[in-house]
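Subject: Structure handover

Hi,

Here is the structure I promised to pass on. Please open it next to this email. My notes follow below.

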Amino acid sequence: DRFFNRALDYLERTLSQAMREAQEPADIDRLLADETWRALKLSSAVTFRRKGSSLVRDKDGKGWEGCATRELNLQQPMLAPVSTGEPFGLTQDDNGIDFPPGLRRPILAVPAADPVRFFALSLYGPHAVGTDLDENERAMLSRLARFAAAMYAELEAVELRHQIATLERKFKVPSQRVR
């Protein structure tokens, strides 16, 4: 079956390459949500990025326009599977979260995580025509999320190296000659 999914393979390669060129985490958020929404013809897609013990979305996401939920608490029971780093289905029990209604309601949560850290969570609705994501699409989204985790970590490392270099220049003491 995978042999006939060339379009998914191409999409994964294209988005992975674009993530390599990302300049900030918001670029990766956009690729995980907006670009997969467009390419897979989904009813909705959004990425919430981790900030402390919460998940925050900076942009509206596709199909999320007008939804009040901009922050998710990682302590919510529905988010317990995040710790596994594996994609998981979302049930109708939303614990008071303002999800998009009807067909735009997310059905799949895909964590962007590596073995050490969790960076973001993308929520995907079904296809715009109402069909569920198939096994190959789910597997591709999972691989893409693992790659995104590596790219989030790399952007963070680059930023930290820049801050260290700035501080070293700021606090550099002129060298004194030993006599």
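Where is Lys 41 found? Lys 41 sits in the loop between α2 (25-40) and β1 (45-51). Helices (H or I, at least four residues) and strands (E, at least two) are DSSP runs, numbered from the N terminus. The phi of Lys 41 is near 55 degrees, a positive value in a residue other than glycine. Lys 41 is exposed, with a relative accessible area of 59%. For the burial terms, buried means under 20% relative accessible area, exposed over 50%, and partly exposed in between (1.4 Å probe, protein chains only).

Before you read on, two points on the source. This is a predicted model, where local features need pLDDT of at least 70, side-chain atom pairs count only at pLDDT 80 or more, and totals for chains, interfaces and linings use all residues. Residues are numbered from 1 along each chain as its sequence is written, and side-chain values use heavy atoms, with hydrogens and water left out.

The sheet

Six strands form an open sheet. Their order is β3-β2-β1-β6-β5-β4, and the pairing is antiparallel. Two strands pair if DSSP finds at least two bridges between them. β3 (71-73) and β4 stand at the edges with a single partner strand each, so one side of each is left without a neighbour in the sheet.

Take β1 next. Five of its seven residues are buried, so β1 is largely enclosed by the rest of the structure. β1 pairs with strand β2 (residues 54-56) in the antiparallel sense over three bridges. Arg 50 stands opposite Leu 55 in β2. β1 and β2 form a hairpin with two residues between them. In that turn, Gly 52 has a positive phi of about 70 degrees.

β1 also pairs with β6, in the antiparallel sense, over five bridges. Thr 47 stands opposite Ser 122 in β6. Phe 48 stands opposite Leu 121. Arg 49 has Ala 120 as its bridge partner. β6 is mostly covered, with seven of its seven residues buried.

Then comes β5 (residues 108-113). Six of its six residues are buried, so β5 is largely enclosed by the rest of the structure. In a regular strand the side chains alternate between the two faces of the sheet. Both faces of β5 are covered. Leu 108, Val 110 and Ala 112 are buried on one side, and Ala 109, Pro 111 and Ala 113 on the other.

β5 and strand β6 (residues 118-124) pair in the antiparallel sense over six bridges. They form a hairpin with four residues between them. Val 110 stands opposite Ser 122 in β6. Strand β4 (residues 88-89) joins β5 through two bridges, and the two run antiparallel. Here Phe 88 stands opposite Ala 109 in β5.

The helices

α2 lies across β1 and β6, running at about 155 degrees to β1. α3 packs on the sheet and touches β1, β5 and β6. The direction of α3 makes about 35 degrees with that of β5. Axes are lines fitted to C-alpha atoms, for helices over the stretch in contact, and angles run from 0 to 180 degrees between N-to-C directions.

How do α1 and α3 meet, and at what angle do they cross? The axes of helix α1 (residues 6-20) and helix α3 (residues 135-170) come within 10 Å and cross at roughly 15 degrees. That makes α1 roughly parallel to α3 (angles under 35 degrees count as roughly parallel). α1 passes α3 in a right-handed crossing, where the near helix is turned clockwise from the far one by less than a right angle.

Contact means heavy atoms within 4.5 Å. On the α1 side, the residues are Leu 8, Leu 11, Glu 12, Leu 15, Ser 16, Met 19 and Arg 20. They meet Asn 136, Glu 137, Met 140, Arg 143, Leu 144, Phe 147, Ala 148 and Met 151 in α3. By class, this contact has nine nonpolar, two polar and four charged residues. Ala, Val, Leu, Ile, Met, Phe, Trp, Tyr, Cys and Pro count as nonpolar, Asp, Glu, Lys and Arg as charged, and the others, Gly among them, as polar.

One more residue in α3 is Leu 160. At 42% relative accessibility, Leu 160 counts as partly exposed. Its C-alpha atom is separated by 40 Å from that of Gln 92, 68 residues apart along the chain.

Best wishes

Methods:
Angles under 35 degrees count as roughly parallel, over 145 as roughly antiparallel, 65 to 115 as roughly perpendicular and the rest as oblique.
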